[in-house]
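Good morning, and thank you for coming.

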Amino acid sequence: MWWAMLRKAIRVLRLSIAVLVLFRFLPGSRGATAREPIRRVLILYEAGTAYPGVNLADQGIRAALDTSPYRLEVYREYMDSILFPDPADQQRFREFYIRKYRNRRPDVIITMGPSPLKFVVEMRDRGFPGVPIVFCYPTWLPGSPTLPSDFTGVENDLAPSETIQAALRLRPGTKHIIVVGGTSFIDRQTEGLIKEQLRTYEGSFDISYLTTLTMPDLLERLKQLPDHSIVLLIDFSQDAAGRKFIPASEAAPAVAAAANAPVFSLVDSFVNHGVVGGKVSSIRETGGVAGGMALRILKGERPQDVPRVKAPTVYMFDWRALKHWGLNERDLPAGSILLNREPTFWELYWRYVITGVLLLLAQTLIILALLWQRARRRKTEAELRDSQLRLEGIVEAAMDAVIAIDEGQRIVVFNDAAEQMFGCPAQDAIGSPIDRFIPERFREAHRGHIRHFDDTDTTARRTMGASGALWGLHANGKEFPIEAAISQTKAGAGGKKLFTVIVRDITERKQAEEARFLHAAIVESSDDGIISLDRDGVITGWNAAAQRMYGYTAAEVRGRSVCIIIPPEVREEETALLRQVLDGKRVEHYETIRMTKEGKRIDVSLTLSPLRDWTGKIVGASKIARDITLGKLAEAALRESEERFRLIANAAPVMIWMSGPDKRCTYVNRPWLDFTGRNLQEELGNGRAERVYPEDLQPFLETYAQAFEQRESFQMEYRLRRNDGEYRWIFDHGVPRFNADGSFAGYIGSVIDVSERKQAEEALSSVSRRLIEAHEEERTWIARELHDDINQRIALLAVSLEGLKQDLPASNGQTSRRFKEVQEHVSDLGIDIQALSHRLHSSKLEYLGLAAACEGFCRELAGQQNVEIDFHSQDIPKELPQETALCLFRVLQEALQNAAKHSGVRRFEVLLKARSNEIQLSVHDSGVGFDIQKAMSGHGLGFTSMKERMKLIDGHLSIDLKPQGGTTIHARAPLTPKSMSRGAAGQIGVSEL
């Protein structure tokens with residue numbers, strides 16, 4: 001019983017584990033909650049993202065803000081006070097940020113470092129009036145101004161004293177403390193704080209400050225430190241020569257490598273770079289605390305009610321550095337975090353050791369249980385056999401009809417079984433002739449048989465056979481097959497003969513035989529090999545399909561062990577299978593190997609079932625074997641094909657991925673794993689999207705999902721994080737896959753790194769921008785020269801001609817007419833020069849805005865070219881960024897001039913409108929159209945100029961062409977373009993309808 005309970009518990013445990021695993025990997029369903037209004041958060045950093053500390057702080061802030069119930073707009077700006085320490089540069093940064101966020105007032109500002117805090121303290125009333133401030137790492141020195149009450153945040157908690165104490169515990173004989181720092185503004189502020197806290201050690205130790213040296217001089221000094229020294233690295237972003245350093249990744253490794261004494265630090269980002277460690281400030285956790293404060297303010301708390309806190313610190317040490325300097329980790333302060341520690345054998349493999357021991361114990365218990373069960377089963381089986389034998393005797397005696405007849409064939413004994421068999425009470429049957437229970441056609445044969453027994457004194461059993469059949473007759477007249485055993489004895493002193501007939505109703509046996517014959521016919525006609533075995537594995541049945549499969553005839557195998565068709569290496573497996581079947585279990589679709597008469601090995605799928613006798617006792621086993629050799633070969637071929645594909649994919653010079661119909665990734669090749677630095681399991685499913693740049697993630701998912709819905713190829717570019725943490729531009733080309741039956745099987749795609757190409761495009765865009773700017777400057781200069789100089793001279797010439805004309809005699813009419821013609825030509829020339837000046841540089845664009853300038857240009861061009869231009873503008877703001885207005889105006893000029901010159905029609909439509917956050921311009925004609933490829937590859941600069949101009953303002957230019965149906969040029973530009981130096985957002989799309 002306990003064994004059954006154990007098996008049940010194991011099944012329940014497996015089911016529970018399966019449910020837990022399924023629950024773990026099912027995507028969580030999160031109800032869509034209504035978002036609060038948008039909240040804006042401005043984060044001002046001391047330095048740029050090249051500094052690891054900035055990234056750590058940003059991670060902490062982002063982790064805290066991710067829990068916000070609001071939809072956040074987070075803006076990040078970098079004061080770069082280390083790279084640009086000049087006050088004039090910093091003031092320009094301040095003015096720029098004030099202008100930038102004038103119309104996008106943040107709800108809270110987070111400052112990271114002293115320069116951003118100083119900026120908001122001095123400029124908040126002007127640039128950010130009333131905006132709450134959360135600060136981090138203020139690094140205020142004594143005498144610094146007191147912060148307003150609505151400033152809250154995380155104050156410095158540098159712990160040089162605790163770090164020195166930990167260092168002295170690790171290195172008790174220390175006599176010299178060397179403080180290493182840089183010369184930047186932050187370095188000196190930090191140095192001032194450290195000096196204040198180390199004054200208590202000046203009488204006990206020799207404290208030196210190496211904070212005014214160049215990096216080469218500093219490294220040389222560190223190589224020659226006296227014995228019994230320790231080094232405290234506080235901060236180093238600039239040396240005495242003005243050279244900039246990233247403290248964590250550049251300065252700290254150099255100092256640690258050069259010093260001939262252990263180096264301790266106060267910042268966690270220095271650890272892992274050769275520094276031993278100390279009580280360090282956790283930059284990421286500090287950012288998380290600041291982000292949490294900002295979130296509380298966004299939720300409605302006043303800054304005054306959010307108390308200022310100290311920056312979190314923790315004892316953190318590098319195990320490798322401890323080993324390098326021979327420091328004992330047992331001397332570390334309690335609760336210290338130890339990085340890069342090599343685990344012991346027990347720490348590495350304790351799970352495996354415990355699991356192995358538990359498995360051995362479990363196997364021992366199972367073996368003991370099986371032995372105990374087998375002994376108990378054998379004892380029970382012996383007892384059951386003895387009991388069954390006694391019971392069978394009783395049952396047989398009770399079930400067979402026992403009838404005794406005298407020499408006159410009259411019944412003298414008629415037991416209960418006979419009453420039930422023939423349906424006649426004993427009192428009615430006794431004394432009556434036996435013929436009443438024998439059908440009439442068998443009565444004479446029965447009499448002759450009795451006479452034969454009387455003459456020979458022999459006993460015989462008569463059954464249905466070739467010579468005939470025995471049938472009994474029921475009292476109701478129904479015949480039924482019987483089996484009879486007749487014996488004779490002499491009873492009494494007179495020696496009268498008494499014949500005893502034991503009659504058995506074999507109706508059920510006959511039906512069973514008929515069923516068996518039917519079953520045998522089915523077995524023989526089956527295409528699967530069917531084999532019957534006794535309990536010892538001896539073959540008792542062998543159908544025709546088995547003969548075809550194994551090559552043996554039934555006569556050759558019947559009575560022999562089944563091992564003749566089982567290879568030697570799997571015979572133990574056969575014994576285990578037979579044992580399971582004899583235990584009453586059914587084994588289905590078990591794949592294994594068998595051997596034919598010729599010695600050929602074939603793959604078969606077996607189904608084994610127990611064979612039972614009429615009592616339900618298992619007397620053997622039935623095997624149904626199906627030849628799956630061809631299927632196995634097909635599977636092997638498929639595996640080989642898949643392996644070849646993987647070898648080719650892993651050798652390919654590009655990254656390759658595959659996904660199933662559910663959009664989840666099912667395969668990536670080795671170049672992909674080398675690029676990301678992750679294992680295959682991490683990339684499968686939705687793992688591929690985890691390394692996409694956050695700004696590119698939504699377009700990436702939309703393009704991917706749209707392609708899946710339409711079953712079409714797609715191409716896209718996005719940024720993907722490489723194994724070194726750098727985001728690289730990649731080009732992803734995916735195509736759909738289909739099965740042999742035409743069903744959709746997913747996608748396969750190839751990916752290449754195009755970062756160098758993107759950099760080249762940006763460089764080209766920068767060159768284009770400078771060319772266009774120079775072009776515009778030249779046009780402006782020429783326009784002013786034409787308008788202010790040449791045009792004035794021509795006007796003066798016209799006035800002079802008019803004066804000369806007045807001085808001519810009235811009689812000289814021909815000369816007067818020629819003067820008038822010259823005067824008209826000069827006047828026309830002045831008008832043309834003035835129009836040319838306006839086209840080169842529109843003063844309306846500068847003073848009246850884009851809409852007025854475009855409308856004026858359309859009117860002028862319509863008059864000059866004698867065409868009709870239908871111009872409409874909608875909601876165009878008068879004040880637009882100068883570069884946006886100028887680019888759109890030039891696109892309009894170029895588009896209308898090309899249309900008037902090449903379209904062949906005299907009517908054009910121009911629409912200028914503002915929609916959401918962009919300006920849209922469209923120029924339409926119904927002319928003959930043009931070849932876009934020819935236009936792009938031609939020698940003209942008009943189309944290229946339009947495209948490059950739109951790139952400079954992050955705009956988009958597209959052309960709709962209808963053969964012989966007209967051309968429409970669409971230009972879209974954001975109301976607030978990004979920095980013109982980026983120049984990578986402009987695109988051109990062409991659709992030929």
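Predicted model: local features only at pLDDT ≥ 70, side-chain atom pairs only at ≥ 80, totals over all residues.

Let us begin with the cores. The largest nonpolar core contains 41 residues. Within this core, the residues with the most contacts are Leu-850, Ile-869, Leu-892, Leu-896 and Val-910. Several helices and strands each supply at least two residues, among them helix α26 (850–865), strand β30 (868–874), helix α27 (882–902) and strand β31 (907–915). Which element gives the most to this core? That is α27, with 10 residues.

Consider Ile-869 as an example. Leaving aside residues up to four places away in sequence, Ile-869 touches Cys-858, Leu-861 and Ala-862, as well as Leu-896, Phe-908 and Val-910. There is also a second, separate core, made up of 29 residues, including Ile-43, Tyr-45, Leu-65 and Ile-186.

How many cavities of 30 Å³ or more does a search of the whole structure find? The search finds 3. The largest cavity holds about 610 Å³ of space. Its lining consists of 31 residues, and those closest to the centre are Gly-53, Tyr-137, Ile-186, Asp-235 and Ile-283. Helix α2 (52–65), helix α6 (185–198), strand β8 (229–235) and helix α8 (247–258) each contribute at least two lining residues, and α2 gives the most, with 4. By class, the lining has 20 nonpolar, 8 polar and 3 charged residues.

The second largest cavity has a volume of about 220 Å³. It is lined by 17 residues, with Ile-438, His-446, Ile-482, Ala-484 and Val-501 nearest its centre. This lining divides into 14 nonpolar, 2 polar and 1 charged.

Of its 32 lining residues, Arg-377, Arg-535, Arg-579, Leu-582 and Asp-583 lie nearest the centre. Two or more residues come from each of the helices α1 (2–25), α11 (345–399) and α18 (571–582). Helix α11 gives the most, with 11 residues. What is the make-up of this lining by class? There are 10 nonpolar, 8 polar and 14 charged residues.

That concludes my presentation, and I thank you for your attention.

Technical notes: Residues numbered from 1 in each chain as written. Heavy atoms only, no water. Core = buried A, V, L, I, M, F, W, Y, C linked by side-chain atoms within 4.5 Å. Buried < 20%, exposed > 50% of the residue type's maximum accessible area, 1.4 Å probe, protein only. Contact = heavy atoms within 4.5 Å. 1 Å grid on protein atoms, 1.4 Å probe; cavity = no way out; pocket = protein on both sides within 12 Å on 5 of 7 lines; lining within 4 Å. Points joined across faces, edges and corners; volume = space filled by probe spheres on them. Nonpolar A, V, L, I, M, F, W, Y, C, P; charged D, E, K, R; others polar.
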